[in-house]
Amino acid sequence: MGNDSERQSWSGKLDFFLSALGYFIGLGNVWRFPYLCYINGGGAFLIPYVTMVILAGLPLVQLELSLGQFTSLGIISAWKISPLFKGVGYAITLICALCSLYYILIITWTIYYMYASMWKTLPWIGCNNTWNTDQCGSIKELLANVTNVTDAPITEATTMAPKVVRASEEFFSHKVLGISDGLHDLGSVRLELLLCLFIAWVVVYLCLIRGIHSSGKVIPPSHSIQIQIIVNLIL
């Protein structure tokens with residue numbers, strides 16, 4: 001009982017609300033969700049999405065919040081209420097660990113792009129850099145290429161259209177990631193990304209060093225920015 005009385009709690013209802021809201025509206029809603037809508041039919045994708053949110057998403061969220069507040073325990077210990085489902089706690093822990101590794105890489109790229117944006121000339125603009133190829137072209141060239149292919153007959157369109165790659169795409173593929181030719185060529189460690197990855201983990205550590213007391217100070221500004229970005233994308 002002594003350990004339960006010393007368990008940390010939220011400093012206020014606002015911290016808990018913003019934390020739960022940030023759990024629902026994460027980084028994937030900013031960059032992943034619009035992409036999924038685009039490749040799956042645009043607005044038509046919202047119909048099955050909203051349906052699954054109502055039938056599966058919201059009930060699971062309600063179950064998770066209710067069980068967590070009722071037991072005031074961690075993901076694994078909370079399932080002591082029904083030992084038969086204790087494996088669910090381990091599965092959630094594994095999923096959270098995998099998602100953390102997934103999102104920390106996105107944060108690493110964000111830190112690198114933040115650093116690259118401070119260069120005198122933005123590196124993802126223009127095709128005169130060492131990492132660019134002969135296929136590199138501007139947006140105007142890419143649009144002109146698409147227009148020519150659209151206006152040409154089908155038999156000619158398959159042969160006349162050279163591939164044009166945007167400068168920003170080549171910067172991400174060749175400069176940032178350094179993608180090799182295949183699995184037979186593993187390439188070398190990207191020291192810039194390794195440093196950015198270290199910085200990202202340090203930031204995460206500092207946010208969690210004191211548990212919810214330190215993370216509660218970071219939640220309001222960080223989640224407010226995410227919500228603002230999503231509102232701007234909708235508008």
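A disulfide is a pair of cysteine sulfur atoms within 2.5 Å. By this rule, the count here comes to one disulfide. The link joins C127 and C136, with sulfur atoms 2.0 Å apart, and it is left-handed, with -70 degrees about the S-S bond.

Residues are numbered from 1 along each chain as its sequence is written, and side-chain values use heavy atoms, leaving out hydrogens and water.

The pLDDT is the predictor's confidence in each residue, from 0 to 100. Its mean over the protein is 78, and 80% of the residues reach 70 or more. Helices and strands are DSSP runs numbered from the N terminus (helices are H or I, at least four residues; strands are E, at least two). Confidence is highest in helix α9, at a mean of 90, and lowest in helix α7 (residues 154-160), at 47. Over residues 154-160 pLDDT stays under 50, and the model has three contacts for them beyond four places in sequence, where contact means heavy atoms within 4.5 Å. Where pLDDT is low, the predicted coordinates should not be read in detail.

How accessible are the cysteines? A residue is buried under 20% relative accessible area, exposed over 50% and partly exposed in between (1.4 Å probe, protein chains only).

A nonpolar core is a set of buried Ala, Val, Leu, Ile, Met, Phe, Trp, Tyr and Cys residues joined through side-chain atoms within 4.5 Å. The largest such core has ten residues: I104, I111, Y112, A116, W131, F171, V176, L193, C196 and A200. Helices α5, α8 and α9 are the elements that give two or more residues to this core, and α5 gives the most, with four.

S173 is buried because its relative accessible area is 17%. Apart from neighbours within four places in sequence, S173 is in contact with G178 and I179. G178, which follows α8, has a positive phi, near 60 degrees.

How do α5 and α8 meet? Their axes are 13 Å apart and the helices pack at an angle of about 110 degrees. Axes are lines fitted to C-alpha atoms, for helices over the stretch in contact, and angles run from 0 to 180 degrees between N-to-C directions. Angles under 35 degrees count as roughly parallel, over 145 as roughly antiparallel, 65 to 115 as roughly perpendicular and the rest as oblique. The two helices α5 and α8 are therefore roughly perpendicular to each other. On the α5 side, W109, Y112, Y113 and A116 meet F171, F172, K175 and V176 of α8. Not counting residues up to four places away in sequence, A116 touches L122, P123, W124 and F171.
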